[in-house]
Amino acid sequence: PIDARIASCLCESCLEKKLRGEELSCFRFVVAYVGSAFSGFQEQAKERTVEGEFKKALSALVGKYIKMEAAGRTDAKVHARGQVISATFITRLSPRALTFALLAKLPKDIVVKRVDKMPLGFDARRQSVG
């Protein structure tokens, strides 16, 4: 669940975003990647990882992300065809706009196959079925 203090924040930055029509949103991302050049999925300080690259691209689009979870993790050099990631952040971008924007920001060995808007609180790790 999302911390109520974040969702109802009225600080200057959040209030400004709300006035521009941006809102706290949760999205499900289905990604595929060629793992040959990655040290696995999970972010590591000095290694190139899928999570690190995804966070970098997403942060470049929407600013600081609030919460991100993955349905699972992969080891170094492992490929994925449909890994599910959930992320909650403030935006006014539609799933379609996020898809194209991320495709432009991500390295060529990571592809966003699908983006869906989900109810707040969706967690890919705990709520993915298969």
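## Overall makeup

Helices (H or I, at least four residues) and strands (E, at least two) are DSSP runs, numbered from the N terminus. The chain has 5 helices and 4 strands. Along the sequence they follow the pattern α-α-β-α-β-β-α-β-α.

This is a predicted model: local features need pLDDT of at least 70, side-chain atom pairs count only at pLDDT 80 or more, and totals for chains, interfaces and linings use all residues. Residues are numbered from 1 along each chain as its sequence is written, and side-chain values use heavy atoms, with hydrogens and water left out.

## The sheet

The 4 strands form an open sheet in the order β2-β3-β1-β4, with antiparallel pairing. Two strands count as paired if DSSP finds at least two bridges between them. β2 and β4 are the edge strands, each pairing on one side only. β2 and β3 share 4 bridges. Glu-69 has Ser-86 in β3 as its bridge partner.

α3 lies across β1, β2, β3 and β4, at about 35° to β3. α4 also packs on the sheet, where it touches β1, β3 and β4. The direction of α4 makes about 160° with that of β4. For these angles, axes are lines fitted to C-alpha atoms, for helices over the stretch in contact, and values run from 0 to 180 degrees between N-to-C directions.

## The two sides of α4

Helix α4 spans residues 95-105, and Leu-98, Thr-99 and Leu-102 in it are buried. Buried means under 20% relative accessible area, exposed over 50%, and partly exposed in between (1.4 Å probe, protein chains only). The three cover an arc of only 105° around the axis, which puts them on the same side of α4. That arc is taken from the directions from the helix axis to the C-beta atoms. Arg-96 and Ala-104, on the other side, are exposed.

The buried residues of α4 pack against β1 (23-33), α3 (50-62), β3 (80-91) and β4 (110-118). Contact here means heavy atoms within 4.5 Å.

## Nonpolar cores

A nonpolar core is a set of buried Ala, Val, Leu, Ile, Met, Phe, Trp, Tyr and Cys residues joined through side-chain atoms within 4.5 Å. The largest has 23 residues. Among those with the most contacts inside it are Phe-29, Phe-54, Ile-85 and Leu-102. α3 gives the largest share, 5 residues. A second, separate core of 6 residues includes Cys-26, Val-30, Val-84 and Phe-122.

Ile-85 touches residues including Phe-29, Phe-54, Met-68 and Ala-124, not counting those up to four places away in sequence. Across the chain of 130 residues, 40% count as buried.
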